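Here is a friendly briefing to read alongside the model. Have the sequence and the 3D view open as you go.

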10 protein chains.
Amino acid sequence: MPDSQLLEFFDSPSETTFIIEHVNEEFTSVCPKTGHPDFGTITVRYEPAAVCVELKSLKMYFQSFRNEGIFYEAVTNRIREDLATTMSPVWMQVITDWKGRGGIRSRIIAEHGEVPARF
Amino acid sequence: MPDSQLLEFFDSPSETTFIIEHVNEEFTSVCPKTGHPDFGTITVRYEPAAVCVELKSLKMYFQSFRNEGIFYEAVTNRIREDLATTMSPVWMQVITDWKGRGGIRSRIIAEHGEVPARF
Amino acid sequence: MPDSQLLEFFDSPSETTFIIEHVNEEFTSVCPKTGHPDFGTITVRYEPAAVCVELKSLKMYFQSFRNEGIFYEAVTNRIREDLATTMSPVWMQVITDWKGRGGIRSRIIAEHGEVPARF
Amino acid sequence: MPDSQLLEFFDSPSETTFIIEHVNEEFTSVCPKTGHPDFGTITVRYEPAAVCVELKSLKMYFQSFRNEGIFYEAVTNRIREDLATTMSPVWMQVITDWKGRGGIRSRIIAEHGEVPARF
Amino acid sequence: MPDSQLLEFFDSPSETTFIIEHVNEEFTSVCPKTGHPDFGTITVRYEPAAVCVELKSLKMYFQSFRNEGIFYEAVTNRIREDLATTMSPVWMQVITDWKGRGGIRSRIIAEHGEVPARF
Amino acid sequence: MPDSQLLEFFDSPSETTFIIEHVNEEFTSVCPKTGHPDFGTITVRYEPAAVCVELKSLKMYFQSFRNEGIFYEAVTNRIREDLATTMSPVWMQVITDWKGRGGIRSRIIAEHGEVPARF
Amino acid sequence: MPDSQLLEFFDSPSETTFIIEHVNEEFTSVCPKTGHPDFGTITVRYEPAAVCVELKSLKMYFQSFRNEGIFYEAVTNRIREDLATTMSPVWMQVITDWKGRGGIRSRIIAEHGEVPARF
Amino acid sequence: MPDSQLLEFFDSPSETTFIIEHVNEEFTSVCPKTGHPDFGTITVRYEPAAVCVELKSLKMYFQSFRNEGIFYEAVTNRIREDLATTMSPVWMQVITDWKGRGGIRSRIIAEHGEVPARF
Amino acid sequence: MPDSQLLEFFDSPSETTFIIEHVNEEFTSVCPKTGHPDFGTITVRYEPAAVCVELKSLKMYFQSFRNEGIFYEAVTNRIREDLATTMSPVWMQVITDWKGRGGIRSRIIAEHGEVPARF
Amino acid sequence: MPDSQLLEFFDSPSETTFIIEHVNEEFTSVCPKTGHPDFGTITVRYEPAAVCVELKSLKMYFQSFRNEGIFYEAVTNRIREDLATTMSPVWMQVITDWKGRGGIRSRIIAEHGEVPARF
């Protein structure tokens, strides 16, 4: 079950602005309609305010979706909310890319704050 | 025969802005001039207002073009109209990429509303 | 409906051995179980004996599967039989590559006569 | 000899703005200096005003350059002028990409009207 | 829990020799040592004797490993044994490709019967 | 018009066996049936006996097919014959790869003498 | 131990604005938490003011991180600070791309001054 | 020795704005420090004012750097100056991409005039 | 310092023949001549007799070369000997691929026992 | 001027058979007919008998062709002879791949001794 309490944070190592991007190519959850597993890639991109998410805790958080029945759109918005609430970044972008189902593959993009135009 | 009544919708899971993209690499219709099949990839990208299109119904809708005689430009505009009319998205972009005919391959881009500059 | 009478042939232009390969990346038929369309690539490779298959007739023959409900394995064996019976090649290899269904993509290889080891 | 009279047009199927792109990867003309053939890819991208160019007539028009001695820059500007004059599009972009000569490959970009910044 | 009783079969559609290959790019199981998920691609290649494995049942069989703690080598040999025992193919090859762990990615190849040299 | 008298040769620079491969990615001829141009890549691979073909003369020879109406199979066999007759190589392989026509792309392989198994 | 005194500089060869980018695909440091080595690619992009960094000294500087226990974010900010302090460029961008750990790969982007929008 | 007198020009074939790009993937000069050869790709992109550079003369000009001992930054600025001085283009961009040295590969970008933002 | 005592083993999970391949893309050692780091990919492919090498111990063994001054050829033969001696596989192949030095990249292949022809 | 005296050797570090491959992607010589530079990639693959070629000396040897007027076939045979004579390997293979001239790219393969079939 998705669990944002798994997330841990550390203080940003710089007072100058910088951007962090983590790409998890091994995400899996379950389609609540068919019960079949979904496979996707999750990209989290953000500008830290005070804290950064610790990498191993992020991995454990992603793994907590493994047997959860949840739609693409809900996964994406859930990750944005969990991370934005706990980290309060200057801005954040969550992109999920899902392997094809019935010949159709999907991408969902959710954002928090003012994402720079180039992304 | 293309049939927009096949389309089903569900309520958007978030009040925060987000973007959805579906890519169907298995689209086929028929050239009305030669009777030969056309093969293409259809990309639908949109920002939902109140509702999102349900994935399986979208697939059935795309399949309803299978034996329809219809030009590239008409397919593209038809999909834009059917989806924009039934979903009323904030904005929508429909891109169709067609396999080569006589050494020429084509792409058609149709838009509804104010598509962000980065797309 | 698959129709081998669409196939036309012309005399081989050389008495010296040579090999011909045609790759059709735009093949579609229908799954007899689900009614959903299947999409694949068909490769036909052969050493002609007396005749070669005419390219446009081969295309029409492939198009005759468009609305036929037929499994991957049956398509592959059907094409091998139709072409081997009508052309009597020295040898022939039919390879079909099918787009993923439920996360699984498939390839079927059927052969007629003594296919050289390097293929 | 390049012949713009080969071009045919049809009425735009939509009053809403849309964009059409045709890519011909099989263009050839002749270098007027060396007499050797040149090979290139021609991309035509435009927003139709009242009419669209018919695909087969565009192919015949491109083929009319086959034995013409003409420089890269002149081919590109000639195509822009012929198409812009006969179609009066809202805007048009013609890009030609030429295979290497003496280790140098070239691209020419010619535009008509106000091409959107993203292209 | 891996369950070979999920597998279903159908009669081979041809008495002539042919080869079938299924590639599942969405396989996941669990590392029995660390408890972390493993992700891999499973390729099953075989020459049917009397029966072929039904595609959807194969998918369900692969999904039954989802929460099983099992090593790469054991997964590979287990799949070979389950399929070889239930189908008795002329020959079979099972190849598993695993995403990197600690910078090392792995492939396991298990075979049953006399696999032709070209594979 | 294809003209083998354009071909020039030079003495092999070594008495030890070696292999030469020339790949022309800019070949064009004309389809005798439709009058439309065909585009292909020609690979000539051989072990010289006494002489090698001079590169510029080979280019001029290939250009002599530019406006010739000739089928794929005939081009391939013609090149094999012209080169084998004039050079008498130990062995030779001519491979032609043709861009798609009606969704089907083709490859023809013609050989002279005993081509080593690895090719 | 990272040592910015290894860096050497030479006078910019032009008074006109220009941009320099160095990409080091062979960077390695050590994870301070696990003691395992990290591998990454470092991109440094800048517009020189008065001086440019000498390439071999940059290589030696990068090598000085080899056995240092340091996090991704700290490496990136450290390189930005060392180079910005010693070179005072008009602007600078440091991008680090790290190979996957536990299925997650990361990129960090740190900037100094006003980086042009296109980068 | 780099020699800008090798450059020849021809009148621009159009009064309408257009853009020309030449990419030379076969550039070589010599490192003045080590005496070892450097290998790079030179891209010249410009909007002609009154004249365009002739392709073969550009090739001869590039070849004149073959045995010159000269740094990356100096090559790039030298080419910009030679071409900008002799052609007076509306704008020009010179990009040099250099193969790796000691695991680091480099790119230098020099510009003349107001280069459009999209490049 | 390379230390084969880091290697651990487990009993082969099958009495039927199978093949294991591990690819480490993050190998680094030091050139004994220049003192500069070398970066390479190590592929170990083998058919186990009684035991298989444990993956994490293999990783630790590879890491023990990190600060060792040792040539490409010696690394390759050392790994073959250490693994062959401790595991006594039916056969083993060790392939090392090294990033370019001075424009030259290298591969070393060392074998133990009778490696099947297809590898 | 090509100079085999630049080559240096070291004793083979193993009495067990192994294979070495060096790939130089930065080779250049001059066409004796046109005076224009040729660019190619040289692959040397061999099984050492008593000695191996030292990498830096091999680089200097390749550089000695820089301003030599010499044909593709002669370069290839010259390298084979120089290396085979000075090293007496069990077998050796020299493959040269040349960038396109007039739309034709070439590969020459020269061998010494009994090269294993898989290469």
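**Where chains A and G meet**

Strand β2 (residues 18-30) of chain A and β6(G) pair in the antiparallel sense, over seven bridges. Two strands pair if DSSP finds at least two bridges between them, and the elements are DSSP runs numbered from the N terminus, with helices (H or I) of at least four residues and strands (E) of at least two. This is a predicted model, in which local features need pLDDT of at least 70, side-chain atom pairs count only at pLDDT 80 or more, and totals for chains, interfaces and linings use all residues. Residues are numbered from 1 along each chain as its sequence is written, while chains are lettered from A and ligands numbered from 1 in the order in which they are written.

*The contact*
- Across from A:Phe18 stands G:Ala110 in β6(G).
- Chain G brings 16 residues to the contact and chain A brings 19 residues, where contact means C-beta atoms, placed from the backbone, within 7 Å.
- On the side of chain G that touches chain A, α2 (72-87) and β6 (104-113) of chain G are the elements that give two or more residues.
- The largest share of that side, eight residues, comes from β6(G).

*Strands within chain B*
- Strands β2 (residues 18-30) and β3 (residues 37-47) of chain B run antiparallel, joined by nine bridges.
- B:Thr28 has B:Phe39 in β3(B) as its bridge partner.

Definitions and conventions:
Two residues are in contact if their C-beta atoms, placed from the backbone, lie within 7 Å.
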